[in-house]
Each structure stands twice: as C-alpha cells, then as structure tokens.
Amino acid sequence: MSLEYTDHRRDPDAWAKELGVSRAAIDLYLASDVIDLHVDTFIWARMYGYDLAKRHGTGLFDARYYGQADLPRMREAQIGGAIWVITTNPVRSSRGRAEAFARNVARLRAKLASCADDVAVVRDAGEYARARADGKHAAFIGIQGGSALDAPGALDLIPERLVVRITLVHLYNSSLGVTSAPSAGGGDGGLTPAGKDYVRQLDSRRIFVDLAHIHRRGFFDAVEAHDRSLPLIVTHTGVSGVFPHWRSLDDEQLRAVADSGGTVGIMYHAPFLGRRGAGKRASRVVDHIEHVVKTVGEDHASLGSDWDGAIVTPRDMKTCLELPKLVELMLQRGMREETIRKVLGANYLRALRHLRGAASA
C-alpha cells in the first residue's frame with residue numbers, strides 16, 4: 001500500500017508560501033534529518049480505530065487533543081523519522097499489561113508494515129539511514145510506562161532490539177517509581193528497588209532510559225543507577241528555566257542528561273509551555289529549545305512533540321504539517337544552521353549511535 005500525500009520537495013517555493021515561511025527555512029528543513037522523539041497517535045488507533053494510514057482532518061476540536069498526525073501527513077511534512085509510542089494502560093494487572101503490550105506491538109508493526117512503500121520499522125542509526133536512502137519514513141517503536149513490562153521476565157517479550165526507548169513512569173505511580181504528576185501523590189518520589197533494577201536491565205538491552213514524566217527524586221535515582229557510559233534521554237518535556245511546571249526539567253536535570261551524552265525533546269502542549277496563553281504560539285516551543293541550547297549546549301536539544309497525546313498544540317502550528325515554521329522561528333532568533341540541524345534530528349541520531357552503534361549486527 002502506498003500513502004497519498006503532496007510531495008513538497010517538488011515545489012519548495014509553493015510550500016514556503018503556503019506556510020508563510022522563507023525559502024531558506026524550507027531548504028534547511030528539507031536538507032536536515034527531521035525526527036520526532038514522541039508521537040502518541042497509536043493510542044487513538046487502540047481506543048477508537050483511528051487509522052494511522054489514513055489522512056485525517058483536525059477533528060472535532062480543531063487539532064486539540066487529537067487530529068495532529070497520521071502517516072500521510074507525516075510523509076507530506078517530510079518528517080524523516082519518529083518514535084511511535086505504545087502507551088501503557090495502568091488499570092490492567094502486571095500480566096495483563098504484558099499481554100496487552102504483545103498484542104499492541106504486533107498490531108502497530110502490522111499497520112506500519114502495510115505501508116511498506118512509505119514506512120520502514122527501524123532499530124538503530126544504520127537502519128534509519130537505509131530507510132531514508134530508500135525514501136521512507138523511519139518508524140522507531142517506544143513504550144510509555146515501564147510498567148507495561150514490569151513482571152519478571154517481561155522485558156524478554158520485546159523482539160530483538162525492536163523497542164528503542166521506555167519511559168519509566170507515566171501519569172501514575174507504578175512498581176517502578178513515582179510520577180511527576182501532582183494528582184498521583186504518594187511515595188517519596190524515588191525509584192523503587194525494582195525501578196533501579198529496571199534501569200540496569202534497559203541499559204543491558206541498549207534501550208534508552210526515558211526520564212520524561214518522572215518525579216525529580218526518581219529522576220536522579222535513575223541517573224545514579226544508570227550506566228554512566230550510555231546516554232539518557234527525555235523524549236517530551238518543557239524546561240523550568242522558561243516555565244516552571246511539574247512537566248518541566250530544571251537546569252540540574254538538563255545537565256545530568258547532557259553529561260550522559262543524551263538529548264532532551266521539547267514537547268508542544270501549550271499549557272506546559274507557558275501561562276496565560278503564552279504557549280499558544282510556536283515561538284514558545286523555540287523558547288524552550290533555546291534555553292536547552294544556552295544552558296547545556298547545542299548537542300542536547302531535540303523535538304518531542306507528543307502529537308495526539310491529548311495535547312493542545314500552539315495555534316499557529318496545530319499539526320505536523322506546519323513543522324517547518326519552527327525552523328523559520330529558529331532562524332529568526334539567529335540560531336546557526338548547524339544548531340538547527342542538530343535540534344531537528346542530528347542530536348537524537350548521535351545519541352542513538354552512542355547507545356546502539358551505527359548498525360545492527
């Protein structure tokens with residue numbers, strides 16, 4: 001099956017005009033690896049039968065909460081790669097969560113495989129490069145909520161190197177540790193002994209330890225338990241240096257990720273980007289990116305949209321189709337082209353090569 005979409009590479013001037021950006025922004029965007037660290041669209045496929053291979057509109061709420069991404073629009077937006085996420089349902093038992101993961105990963109792989117003319121499931125930087133050379137979108141697979149596989153031996157359910165990252169905790173406390181979400185409450189904020197062992201198991205399997213959503217104390221427990229020779233990652237977050245919030249990382253946390261050689265993906269949920277409507281503009285996303293760059297350097301900032309993760313996107317960048325506007329905004333801030341390339345995808349690829357090497361064995 002081939003996806004239907006407009007290939008804007010054929011007329012970049014028209015694309016620039018359509019988006020209201022400069023040709024320089026489009027050229028830089030098209031010449032870069034563009035990779036998103038957190039796309040949550042699969043959750044709507046699981047809940048409501050949202051077809052990832054079908055082009056959708058912006059839905060009932062004008063791209064609020066859902067309707068922000070699908071494979072045809074990702075292709076049209078020239079997004080070279082993304083981590084497609086399987087989010088864990090915490091209500092199930094430990095065994096039930098593992099069984100649900102097995103079903104969901106098979107379902108996601110089957111849907112992606114049905115679009116084989118346009119999409120390739122990839123596990124490392126070498127496979128990413130081959131997919132891109134073949135003109136395909138490179139789909140990485142991730143898990144949000146490590147409790148999906150917290151039963152003894154459950155991590156062995158992951159097909160060989162298929163899952164590239166696991167977010168330790170989500171919006172709820174689990175056997176592994178405590179969320180940063182204030183509604184969850186309870187606990188001292190730290191990782192449990194099982195959580196610390198889980199970090200070590202992820203390291204041994206060369207799966208990114210993703211520290212989005214975790215309580216600050218648990219964050220540093222994970223840093224302590226983690227193999228210092230491997231990069232950490234935070235796939236979708238804000239930064240408190242721009243907007244203090246329970247979903248933001250402070251500068252000490254940014255430094256911990258940077259010291260590991262990892263990267264931090266900035267998300268697009270307006271209420272997490274700024275108060276009183278400030279987050280409704282894409283420029284606020286750039287504020288957060290810029291803070292990471294200024295605080296820990298240009299090698300540690302990435303894109304982590306959280307598209308379709310029940311988020312409210314900036315109103316001038318409602319869906320994945322408007323993503324080049326971020327490049328225009330970064331250029332207007334005077335950011336170097338090389339810095340922008342790193343933010344768009346090169347930083348993630350560097351961390352991935354560090355974690356897994358250049359190619360599969």
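This is a predicted model: local features need pLDDT of at least 70, side-chain atom pairs count only at pLDDT 80 or more; totals for chains, interfaces and linings use all residues.
Let me begin with Thr313, which, if we leave aside its neighbours within four places in sequence, is in contact with Ala63, Gln68, Tyr268, Trp307 and Lys318. Thr313 sits in the loop between strand E10, residues 301-303, and helix H12, residues 324-332. Is this threonine buried or exposed? Its relative accessibility is 0%, and because buried means under 20%, Thr313 counts as buried.

In soluble globular proteins, nonpolar side chains tend to be buried together. The largest nonpolar core here has 96 residues, of which Leu149, Leu168, Leu211, Ile289, Leu323 and Leu326 touch the most other members. Helix H11, residues 283-296, gives the most to this core, with six residues. If you pick out Leu323 and do not count residues up to four places away in sequence, you will find that Leu323 touches Tyr29, Val34, Ile79, Tyr268, Leu303, Trp307 and Met317. There is also a second, separate core of 20 residues, which includes Ala131, Phe140, Leu230 and Leu352.

Now for helix H7, which spans residues 193-204 and reaches 17 Å from its first C-alpha to its last, close to the 16 Å expected at 1.5 Å a residue. Which residues of H7 are buried? They are Gly195, Tyr198, Val199, Leu202 and Asp203, and because they cover an arc of only 140 degrees around the axis, they lie on the same side of H7. The face turned away from that buried side carries the exposed residues Pro193 and Ser204. Just after the helix, Arg206 takes a positive phi of about 55 degrees.

On one hand, E5 runs parallel to strand E4, residues 137-144, and four bridges join the two, with Ile166 in E5 as the bridge partner of Ile143. On the other hand, E5 pairs with E6, again in the parallel sense, over three bridges, and here Thr167 stands opposite Asp210 in E6.

How values were computed: Residues are numbered from 1 along each chain as its sequence is written. Side-chain values use heavy atoms; hydrogens and water are left out. The expected span of a helix is 1.5 Å times one less than its number of residues. Buried means under 20% relative accessible area, exposed over 50%, partly exposed in between (1.4 Å probe, protein chains only). The arc is that of the directions from the helix axis to the C-beta atoms. A nonpolar core is a set of buried Ala, Val, Leu, Ile, Met, Phe, Trp, Tyr and Cys residues joined through side-chain atoms within 4.5 Å. Contact means heavy atoms within 4.5 Å. Two strands pair if DSSP finds at least two bridges between them.
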